[in-house]
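Please follow this explanation with the sequence and the structure side by side.

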Amino acid sequence: MRVVLSKVAYIHYNEILAQLSKKWTQKEIKVFISEYENVIENLKIKLVSYPYYSKKDKIQFALMGKKNVKMFFKVYPKENTIFVFDFFIVRKDPNNLYLL
């Protein structure tokens, strides 16, 4: 299964890593990246069912980084693809959430 990040998701992921590098140690950054990889792996093997952000649109989310970051995604089984819409720091204003 391939993973596709939207432009917004790619930018926000890199912004989060940059912010983390200012506050956290390299070990904690590796843990965050590992959590992302674990979510993707769980989706590929269908090990975990993540909650829905929008059941109608089948958009799900996973909490990462000590539950401070939500990753919004959609699985397209026919195309064998996971599309990541955005990474959102939960302490931010939810009105600033990129429209999914």
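In which strand does Phe-83 lie? In this predicted model, Phe-83 belongs to strand S5, which spans residues 81–89 and is mostly covered, with 8 of its 9 residues buried.

To see how S5 is held among its partners, consider the strands that pair with it. Strand S1, made up of residues 2–5, runs parallel to S5 and is joined to it by 4 bridges; within this pairing, Arg-2 has Thr-81 of S5 as its bridge partner. Strand S4, which covers residues 69–76, pairs with S5 in the antiparallel sense, and here 8 bridges link the two strands. One of the residues involved is Met-71, whose bridge partner in S5 is Phe-87. S4 and S5 form a hairpin with 4 residues between the strands, and in that hairpin Asn-80 takes a positive phi near 60°.

With these pairings in view, return to Phe-83. Leaving aside neighbours within four places in sequence, Phe-83 is in contact with Val-4, Ser-6, Phe-72, Phe-73, Lys-74 and Tyr-76. Of these, Phe-73 is 10 residues away from Phe-83 in sequence, yet the C-alpha atoms of the two residues are 5.5 Å apart in space.

Is Phe-83 buried or exposed, or does it fall in between? Its relative accessible area is 24%, and because a residue counts as buried under 20% and as exposed over 50%, Phe-83 is classed as partly exposed.

Methods
Residues numbered from 1 in each chain as written. Predicted model: local features only at pLDDT ≥ 70, side-chain atom pairs only at ≥ 80, totals over all residues. Heavy atoms only, no water. Buried < 20%, exposed > 50% of the residue type's maximum accessible area, 1.4 Å probe, protein only. Pairing = 2+ DSSP bridges. Contact = heavy atoms within 4.5 Å.
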